[in-house]
Amino acid sequence: MAGKMIVGVAGGSGSGKTIFCRQLEEYLGAKLVTTLQHDAYYRDLSHLPKSDRAATNFDDPQSLESDLLVDHVQQLILGRDVESPRYDFVNHSRHRSGVVLTAKPVILIEGVLLLTQVKLREICHLRIFVEAPESLRYERRRSRDREQRGRSDNSISEQWHQTVKPMHDRHVEPSKGWAHIIVPAAKPNQKAVELVGSYLRSELDSQGM
């Protein structure tokens with residue numbers, strides 16, 4: 001993995017992972033960072049009836065094609081472009097075309113279940129867990145699913161209590177133990193961004209990048 005810094009950013013749904021990654025990319029500069037979203041790698045369910053797709057437990061680690069994500073990270077490490085999937089969260093299927101990502105010195109991987117996967121943990125130089133109180137995470141998720149996915153409050157609440165919270169308790173929260181750094185993110189945590197960003201810059205400088 002010489003010449004690349006692989007950073008995994010995990011945490012519960014609505015914890016603030018995406019904001020943290022965006023701030024870190026801004027701090028380092030877009031020319032230095034490639035970001036992959038674990039949830040872009042949800043398995044394509046277009047072969048199933050819509051009712052079956054909606055009933056899928058998307059909070060189980062098996063719902064994600066993590067091996068493909070690992071392969072894409074390995075290709076980026078070798079300096080090769082990859083085509084990351086694009087997932088349609090309304091229809092629970094992948095778009096026909098993906099997003100082309102180019103290899104850069106820092107590769108950020110973001111995902112709720114990231115640290116539950118051995119291969120993904122092992123490929124990361126730095127593992128970060130972003131956390132926030134459950135009540136805040138729920139409100140953030142409800143706002144996102146209403147605005148971006150057109151879902152009702154009832155369906156959001158039902159999914160939260162049936163799969164999101166149980167899977168968080170079973171898989172996500174225990175995975176925090178694999179993190180090198182835990183970032184409180186009830187509010188934007190600029191100091192944590194600066195600390196992580198400074199560390200990554202120092203590592204890149206030591207590699208002459």
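Glutamate 194 and lysine 191 pair in a salt bridge, with their closest N and O atoms 3.6 Å apart. The model is a predicted one. The two residues are separated by about one helical turn, because they stand 3 residues apart in helix 7 (residues 190–206). Lysine 191 counts as exposed, at 55% relative accessibility, while glutamate 194 is partly exposed, with a relative accessible area of 30%. Other salt bridges share partners and join Arg141, Arg144, Asp145, Arg149 and Arg151 into one network.

One link of this kind is the salt bridge between the side chains of arginine 149 and aspartate 145, at 3.8 Å from N to O. Both residues belong to helix 5, where they lie 4 residues apart, about one turn of the helix. Aspartate 145 has 0% relative accessibility, so it counts as buried.

The structure has 13 salt bridges. Another of them joins the side chains of aspartate 67 and lysine 119, at 3.6 Å from N to O. This pair connects distant parts of the chain: aspartate 67 is in helix 3 (residues 66–77) and lysine 119 in helix 4 (residues 118–123), 52 residues apart. Aspartate 67 is exposed, with a relative accessible area of 52%.

The largest pocket holds about 1400 Å³ of space. It is lined by 48 residues, and those closest to its centre are Asp39, Phe89, Arg144, Asp145 and Arg149. Among the elements that give two or more residues to the lining are helix 1 (17–28), strand 2 (33–37) and helix 6 (153–175). Helix 5 supplies the largest share, 6 residues. By class, the lining has 16 nonpolar, 19 polar and 13 charged residues.

Key
Residues are numbered from 1 along each chain as its sequence is written. This is a predicted model: local features need pLDDT of at least 70, side-chain atom pairs count only at pLDDT 80 or more; totals for chains, interfaces and linings use all residues. Side-chain values use heavy atoms; hydrogens and water are left out. On a 1 Å grid over the protein atoms alone, a cavity is a set of points where a 1.4 Å probe fits but cannot get out, and a pocket is an open set with protein on both sides within 12 Å along at least five of seven lines; lining residues have an atom within 4 Å of a point. Grid points are joined across faces, edges and corners, and a volume is the space filled by probe spheres set on the points. Ala, Val, Leu, Ile, Met, Phe, Trp, Tyr, Cys and Pro count as nonpolar, Asp, Glu, Lys and Arg as charged, and the others, Gly among them, as polar. A salt bridge is a side-chain nitrogen of Lys or Arg within 4 Å of a carboxyl oxygen of Asp or Glu. Buried means under 20% relative accessible area, exposed over 50%, partly exposed in between (1.4 Å probe, protein chains only).
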